[in-house]
Structure formats: structure tokens, C-alpha cells
Amino acid sequence: MAPRPVRRRVAVVGTGAIVTGSHLPALAAHADRVELVAAVDVDPARLDAFRAQAPGNVAGHTSTGAMLDAVRPDLVLVGTPPSLHREQTVAALEAGAWVLCEKPLCLSLAEYDDIAAAEQASGAYASVIFQHRYGSGAAHARALIASGELGAPLVAHCQTTWHRDAAYYAVPWRGRWTTEGGGPTMGHGIHQYDLLLHLLGPWAEIRAMAARLVHDTEGEDVSTALVRFESGALATVVNSVLSPHERSRIRVDCADATVELTHLYGHRNDDWTYTPARHVEPEGAAAWSAPGADVPSSHAAQLGAVLDAWDAGVRPPGSGPEARATLEFAAALYKAAFTGRPVRAGEITPGDPFHSAMHGDHPDWAPAERA
């Protein structure tokens with residue numbers, strides 16, 4: 001057997017809760033394949049606390065550029081607020097590093113174009129964290145749907161009904177277009193409808209509504225959409241931060257079975273159920289049982305997929321067209337909601353106001369001018 005490649009040298013940019021709570025465990029799960037060598041944070045005290053918690057001798061920096069110059073990491077994990085993602089991702093790509101960035105990868109399709117250009121110039125890749133694609137349950141469901149085992153997908157529902165209070169939005173960068181990119185359509189429900197796109201493939205048309213019902217934010221606090229997929233399947237999508245009974249849910253009704261996922265922030269095999277249509281024989285339905293391995297959806301699962309792609313010399317999952325497709329879905333949902341008309345896939349191109357900003361400079365939604 002060929003020897004496994006040497007451990008990849010990893011740097012983290014940002015040392016807040018998402019990095020300590022999700023990225024550090026992911027790195028630990030792949031300790032035979034990666035080595036954390038550097039961390040960046042503008043807050044020296046938080047940086048020192050992270051370095052004390054992290055394994056090994058992690059170099060500390062307060063500047064991404066300085067870290068890239070000094071360390072030249074193989075892989076950069078970006079866990080900063082969304083408005084910084086494009087700049088930090090492009091800088092890492094230009095330094096020759098691969099990137100695994102928290103969602104959203106960037107705040108607009110125009111910013112995505114900058115990242116795509118940096119990929120093209122450097123030969124490195126940038127993936128966005130959509131960890132729900134990578135659990136064994138999701139992989140199994142996608143394979144069954146793609147193979148036709150469940151019959152043609154017909155009707156789907158995608159639900160992110162969460163609850164966030166005023167204290168959540170007291171954090172300065174939240175609730176603003178220029179720093180968060182939008183409301184729950186960009187910051188919360190994006191995980192679930194990314195998984196829906198992963199299961200059902202390309203979409204064709206979106207009609208949508210959005211509202212600001214409770215929170216004093218620039219963006220919406222709830223949005224709903226009707227989606228037609230290229231396959232002909234129809235779906236509803238709900239993104240809310242107003243829902244006391246919190247749920248994350250996907251349901252796909254196929255010709256021969258209904259597949260359902262119900263969870264909150266992560267899923268395992270037991271969170272998926274398959275209900276056969278009346279005409280399906282029991283032995284046929286038995287073949288849909290969950291795979292033997294139970295891999296939870298997680299940063300560790302996605303990091304493993306990225307490392308596998310690196311070892312194989314191919315583009316990693318969650319990058320390139322896959323990353324853009326989910327961002328385009330968000331832009332189209334906003335455009336449909338704010339303009340009140342259907343939006344077709346591919347229509348948001350340079351020159352369209354929704355290409356450069358998710359609010360599309362709409363007078364009722366664009367951020368107010370500040371003195």
C-alpha cells in the first residue's frame with residue numbers, strides 16, 4: 001500500500017466558540033492526518049486562552065497576513081464573523097493554502113467570484129462548512145434517491161424553525177447586511193436547504209416571502225419559499241428565528257417512499273426514517289435500512305472528506321460549483337421575496353443588484369444611510 005501523505009499543517013483564523021467547540025474536536029479526530037500549527041485572533045487574551053487549550057505548540061498571531069507569511073500552512077480553517085470570510089479566504093488561497101470556511105463562505109455572488117478567481121490563480125481550493133451533508137444518514141439517503149430506489153422525488157419540505165432572542169442580536173455584527181449577510185435565510189436555514197439541494201439536485205425556480213416580525217434587525221427574521229426543482233419536484237422552505245419549539249427537518253416524498261430527517265443541530269442514522277408506499281413489498285423496504293456505520297453529521301466528518309479529496313488530488317466537496325449553488329439559492333430567495341416575482345436559476349448575473357448584495361439595494365430592505 002502507498003504510504004499516507006504527511007500530516008497537513010493547519011492554521012485557524014478566529015478562536016471563538018465555533019473553533020473551540022467544533023474545529024478543535026475535528027482536528028483531534030484526524031490527528032494522524034493534520035497538525036495544528038498556528039492560530040489568529042485580534043483579541044490577544046482570547047488567543048492566549050485558545051493556545052493554552054489547543055494541543056501542541058501553536059504559534060499565535062493577531063494578523064492573518066502575518067500568520068500566512070510566517071507559517072505557510074497547508075490548510076486554513078476560517079471561523080470569524082461572515083464579513084471577514086471573503087478577505088481571509090482569498091488571502092489564504094493566494095498563499096497557496098486550502099481553506100475550510102464557516103458558512104456563509106461569503107456575503108454575495110460577487111464576493112464568490114473573487115474567491116473563484118483566487119482558486120483559479122493559486123490552484124488551491126476553498127470549501128464551505130455544510131456539515132449536515134457528511135453524516136452517514138445523509139449519504140445513505142442521497143444514494144437511495146439518486147439511484148431511484150425510492151422512486152422519483154415529488155414533494156419536499158425543508159424546515160429550520162429556531163429561536164433567537166434580543167440578546168443574540170445584541171452582538172454588534174449580527175442582524176446587519178454588511179456583517180452577517182442577512183437574517184435566518186443566510187445565517188441559520190442555509191444548513192438545511194443546502195442539504196435539501198444535496199438530496200434533490202439543481203433547482204429551477206423560486207417564489208418567496210420574507211418579513212421582519214419581531215427583531216430590530218436590518219434583515220428578515222423569517223422567510224418562506226416555494227421551489228421547483230429541475231426534476232419537477234416541488235418543495236417548501238421555511239427559515240425562522242421566531243419559533244419556541246425548535247426543529248430542523250427535511251421530508252422528501254418520493255413515488256415509493258417518504259424519507260424524513262428530524263433533528264436540531266446535527267443528525268445520526270436514527271434521526272432518519274423511511275416510510276414505504278402501500279404498494280411497496282416489505283422486503284423491498286427492508287433494503288432501505290440505515291448503513292452499518294453511524295457517522296454523525298459534524299465538522300469532523302466534513303474535514304475527513306476534504307482530506308480524502310486532497311489525498312486523491314481532486315477538488316474537495318463543498319467547494320466550487322457546490323458552494324456557489326447554495327449561495328445562489330440564498331440570493332434568489334431574497335430576490336424573489338423582495339421583488340415579489342419568481343426567480344429562475346441562473347438569472348442573477350453581474351449587473352443584477354442581487355449579485356452584489358443579498359438585499360439587492362431594495363428600498364425597504366437595504367441598510368439605511370448612516371451619518
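Reader: Why is threonine 185 called buried?

Author: Threonine 185 has a relative accessible area of 0%, and buried means under 20% (exposed is over 50%, partly exposed in between, with a 1.4 Å probe and protein chains only), so the value of 0% makes threonine 185 buried. This is a predicted model, in which local features need pLDDT of at least 70 and side-chain atom pairs count only at pLDDT 80 or more, while totals for chains, interfaces and linings use all residues. Residues are numbered from 1 along each chain as its sequence is written, and side-chain values use heavy atoms, without hydrogens and water.

Reader: What makes the pairing of threonine 185 with the side chain of serine 223 a polar contact?

Author: The distance is 2.7 Å, and a polar contact is a pair of N or O atoms within 3.5 Å, where within protein one must be able to donate a hydrogen and the other to accept it, and residues adjacent in sequence count only if both atoms are side-chain atoms; the 2.7 Å therefore falls within that limit. The side chain of glutamate 220 also joins that of threonine 185 by a polar contact, at 2.8 Å.

Reader: How do you know that strands E1 and E2 pair?

Author: Strands (E, at least two residues) and helices (H or I, at least four) are DSSP runs numbered from the N terminus, and two strands pair if DSSP finds at least two bridges between them; six bridges join E1 (residues 8-13) to E2 (residues 34-40), so the parallel strands E1 and E2 pair.
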